[in-house]
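The following exercises are to be worked through with the model at hand. Each task is followed by a solution in steps.

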Amino acid sequence: MTKIAPSMLSCDFSKVGEEISRIERYGADWVHLDVMDGMFVPNLTFGAPVIKCLRPCTELPFDVHLMIEDPARYIGDFVKAGADLITVHEEASGSTDEALKLIKDAGVKAGITINPDTPVSAIEPYLDRVDLVLIMSVKAGFGGQKFNENCIPKISFVREWANAHNPHLEISVDGGINRETGKRVVDAGASVLVAGSSLFKLDDMTDEISLWKKYGPDTE
């Protein structure tokens, strides 16, 4: 069954704790938290202190996506804040190897991600040491962007690798996800759908999340 990870980037920031409780009631599997530093991406969101305050709001796994420069500097802070999975960008400054090692050594699941313009070959050296690959179908930094078709062959490539070497590898896709694109990326091999505006625009996400969870190769 496909996992659904609503992106809190699209929620009402004046009541994030309530919004997290709401997506849990509606059947979400993970909470996707986008951390932006204003340098790696031209936008700012929140950091480890906010995530720590949100941790008591739910028992759902916190899927923390670090859109920051030199993420190794802050891995310890996000581990202490309660992250269950920490994903870093291959394009970020600093050592990706060091960041992934720090995450794994802390007993937290590790993820690697790339922007739409980055070839999937850039993350191939890391596939055997991560728990998740996040394929960005929009450029990291802002919500509400249009789905980029270039992500489909990337998903297929990682799925083929995972089938051969690590069937438990999660493949997540973030950006422009809705009913149509969600099914397409799952058919290509994705196992996690990250979605913001297409879910948070709904007063009740229950039916939509339930539908998406059933996506798979045999879904009409």
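**Exercise 1. The second largest pocket**

Task: In this predicted model, identify the residues that line the second largest pocket, then sort them by class and state the volume of the pocket.

Solution. Step 1: the lining consists of Trp-30, Pro-61, Phe-62, Asp-63, Asp-84, Leu-85, Lys-109, Asp-131, Asn-166, His-168, Leu-169 and Glu-170. Step 2: sorted by class, the lining of this pocket comprises five nonpolar, two polar and five charged residues. Step 3: the volume of the second largest pocket is about 190 Å³.

**Exercise 2. Helix α6 and its surroundings**

Task: Determine which residues of α6 are buried, against which elements they pack, and what is found at the start of the helix and just after it.

Solution. Step 1: helix α6 spans residues 179-188, and its buried residues are Thr-181, Gly-182, Lys-183, Val-185, Val-186 and Ala-188. Step 2: these buried residues pack against α5 (151-165), β7 (170-174) and β8 (192-195). Step 3: at the start of α6, Asn-178 places a side-chain oxygen within 3.0 Å of the backbone nitrogen of Glu-180. Step 4: just after the helix comes Gly-189, with a positive phi of about 130°.

**Exercise 3. The packing of α5 with α6**

Task: Describe the geometry of the α5 and α6 pair and the residues that meet there.

Solution. Step 1: two packed helices are described by the angle between their axes and the distance between the axes. Step 2: for α5 and α6, the angle is about 35° and the axes are 8 Å apart. Step 3: from α5, Cys-151, Ile-152, Ile-155, Ser-156 and Arg-159 meet Arg-184, Val-185 and Ala-188 of α6. Step 4: by class, the residues of this contact are five nonpolar, one polar and two charged.

**Exercise 4. Thr-118 and Ser-198**

Task: Which polar contact does each side chain make?

Solution. Step 2: buried means under 20% relative accessible area. Step 3: the Thr-118 side chain makes a polar contact of 2.6 Å with the side chain of Glu-91. The side chain of Ser-198 reaches the backbone oxygen of Ile-177 at 2.6 Å. Step 4: not counting residues up to four places away in sequence, Thr-118 touches Glu-90, Glu-91 and Lys-154. With neighbours within four places likewise left aside, Ser-198 is in contact with Ile-177, Asn-178 and Trp-212.

**Exercise 5. The backbone at Asp-70**

Task: What is the phi of Asp-70, and where does this residue lie?

Solution. Step 1: Asp-70 is located in the loop between β3 (62-67) and α3 (75-81). Step 2: its phi is near 45°, a positive value in a residue other than glycine. Step 3: Asp-70 counts as partly exposed because its relative accessibility is 24%.

Terms used. Residues are numbered from 1 along each chain as its sequence is written. This is a predicted model: local features need pLDDT of at least 70, side-chain atom pairs count only at pLDDT 80 or more; totals for chains, interfaces and linings use all residues. Side-chain values use heavy atoms; hydrogens and water are left out. A polar contact is a pair of N or O atoms within 3.5 Å; within protein, one must be able to donate a hydrogen and the other to accept it, and residues adjacent in sequence count only if both atoms are side-chain atoms. Contact means heavy atoms within 4.5 Å. On a 1 Å grid over the protein atoms alone, a cavity is a set of points where a 1.4 Å probe fits but cannot get out, and a pocket is an open set with protein on both sides within 12 Å along at least five of seven lines; lining residues have an atom within 4 Å of a point. Grid points are joined across faces, edges and corners, and a volume is the space filled by probe spheres set on the points. Ala, Val, Leu, Ile, Met, Phe, Trp, Tyr, Cys and Pro count as nonpolar, Asp, Glu, Lys and Arg as charged, and the others, Gly among them, as polar. Buried means under 20% relative accessible area, exposed over 50%, partly exposed in between (1.4 Å probe, protein chains only). Helices (H or I, at least four residues) and strands (E, at least two) are DSSP runs, numbered from the N terminus. Axes are lines fitted to C-alpha atoms, for helices over the stretch in contact, and angles run from 0 to 180 degrees between N-to-C directions.
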